[in-house]
Amino acid sequence: MNTAQIKELNDKHVINTYGARKLALVRGEGVTLWDADGKEYLDFFAGIAVTNLGHCHPKVTEAIRKQAGTLVHVSNLYYIEPQVELAALLAKHTFAPRWFFCNCGATANEAAIKIARRYWVQKGTPKPELVAMNQSFHGRTIAAITATGQPKYQEGFEPLLPGIHHVPFDDIGALAGAITPQVGAVMLEPIQGEGGVRIPSEGYLKAVRALCTERNVLLIFDEVQTGMGRTGKFMAHELDGITPDIVTLAKGLANGVPMGALGCTEDVASGFSVGSHACTFGGNPLSSAAAVATLNVLLAPGFLENVVKTGAYLMSGLQGLAKNHSVITEVRGKGLMFGVEMKEPVAPVIGKMLDRGIICGPAGPNVLRFLPPLVITTAHVDRAISTLDDILGGR
Ligand SMILES: *Cc1c(COP(=O)(O)O)cnc(C)c1O
């Protein structure tokens with residue numbers, strides 16, 4: 001099918017939650033994508049921080065092929081070899097000795113909210129309420145949109161879940177004031193992604209950790225976007241030298257095969273017992289094998305160091321653009337996660353980048369977001385920067 005044919009079928013049969021789009025991408029290799037009409041693109045969005053190793057990474061493709069010819073699915077009524085390999089690998093490289101697997105970011109956060117509630121019930125001191133952040137994004141289930149501190153994702157879906165409160169991000173005083181005796185957990189993204197690539201001030205996350213410990217509430221980090229090497233560390237909280245009680249992962253976990261995960265301490269894991277939570281596809285052989293292959297590439301010596309290096313190169317390129325184009329008000333970034341805030345809506349800029357063969361996206365109306373595959377090179381960065389320079393110059 002060509003793009004027009006794909007669009008026609010979409011408009012007729014797919015529920016219109018995503019609106020009109022310009023492209024139908026049909027093939028990818030590394031940082032390159034091709035549309036249905038054969039045009040080539042440089043990918044600076046990675047399917048929203050998903051294909052962190054680039055498209056069709058040979059190691060992941062090989063693992064998927066092998067697993068697809070061996071066993072695609074069995075239920076969690078049986079032990080699953082690739083799932084336990086994955087759990088052991090995650091345990092080895094993170095603070096979390098225990099893991100639960102699901103299908104996406106929203107269901108990972110749903111599991112986090114559930115385990116936090118049940119943990120306190122098990123301890124004999126129920127405190128079911130949760131504090132989350134304004135401008136956050138946690139996914140689209142009812143619990144997740146309630147935790148998401150952006151009304152646009154909630155409108156029309158009321159009644160929302162009771163007992164979830166919001167405070168301004170990066171404001172430790174507001175958080176301290178919101179932790180009442182009914183609150184059992186605090187949930188936040190170490191860097192807010194969807195909400196505009198917002199990086200909290202130095203020391204904030206450390207202070208949040210200390211506050212949660214002092215008030216005896218669980219700290220949940222949603223690392224669905226910031227995890228899997230995006231910030232130059234395996235998980236973003238490592239940048240601050242702290243650990244949460246619960247972490248959620250998804251997006252980049254299996255480099256494009258749908259998968260979510262919740263990791264936690266041994267103590268928190270006791271919040272769930274036999275029968276208290278489940279997921280039919282969770283940790284199935286195919287997605288687990290893809291995730292194991294992904295982790296093996298990501299955690300190989302030198303990989304994350306390279307993310308830091310390329311990220312610094314992209315940062316200096318963007319800062320150079322900010323000097324020359326007054327429409328840019330701020331450049332924010334860590335590793336290879338960037339937000340370029342502008343005085344005007346960024347949608348036209350994204351459209352012009354696409355016309356010039358570069359894929360990037362927004363984080364809210366005025367923030368241009370770059371989430372390139374972590375394997376981009378400085379030559380790719382040069383191309384993206386000079387294209388953006390041209391577009392901003394020719395506005
Ligand atoms: C994308 C995202 C989610 C939701 O993930 P889905 O896989 O779309 O359910 C949750 N939290 C954060 C921080 C995200 O970026």
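Biologist: Is phenylalanine 169 buried or exposed?

Modeller: Bear in mind that this is a predicted model. The relative accessibility of phenylalanine 169 comes out at 14%. The cut-off for buried is under 20%, so phenylalanine 169 counts as buried.

Biologist: What kind of pair do phenylalanine 169 and tyrosine 204 make?

Modeller: Their ring centres sit 5.7 Å apart, with the planes at 75°. Planes over 60 degrees apart go in the edge-to-face class, so the pair of phenylalanine 169 and tyrosine 204 is edge-to-face.

Biologist: How many residues apart in sequence are the parts that this pair ties together?

Modeller: Phenylalanine 169 is in the loop between β6 (164-167) and α7 (172-178). Tyrosine 204 belongs to helix α8 (residues 204-215), so the parts tied together are 35 residues apart.

Biologist: How many aromatic pairs are there in the whole structure, and which residue pairs with phenylalanine 44?

Modeller: Searching the whole structure turns up five aromatic pairs. One of them is edge-to-face, with 5.9 Å centre to centre and 85° between the planes, and there phenylalanine 44 has as its partner phenylalanine 370.

Biologist: Where is phenylalanine 370, and how many residues separate it from phenylalanine 44?

Modeller: Phenylalanine 44 is in the loop between β3 (40-43) and α2 (46-49). Phenylalanine 370 is in strand β15 (residues 367-370), and this link between distant parts of the chain spans 326 residues.

Definitions and conventions:
Residues are numbered from 1 along each chain as its sequence is written. This is a predicted model: local features need pLDDT of at least 70, side-chain atom pairs count only at pLDDT 80 or more; totals for chains, interfaces and linings use all residues. Side-chain values use heavy atoms; hydrogens and water are left out. Rings of Phe, Tyr and Trp (its six-membered ring) pair if their centres lie within 6.5 Å; planes under 30 degrees apart count as stacked, over 60 as edge-to-face and the rest as tilted. Helices (H or I, at least four residues) and strands (E, at least two) are DSSP runs, numbered from the N terminus. Buried means under 20% relative accessible area, exposed over 50%, partly exposed in between (1.4 Å probe, protein chains only).
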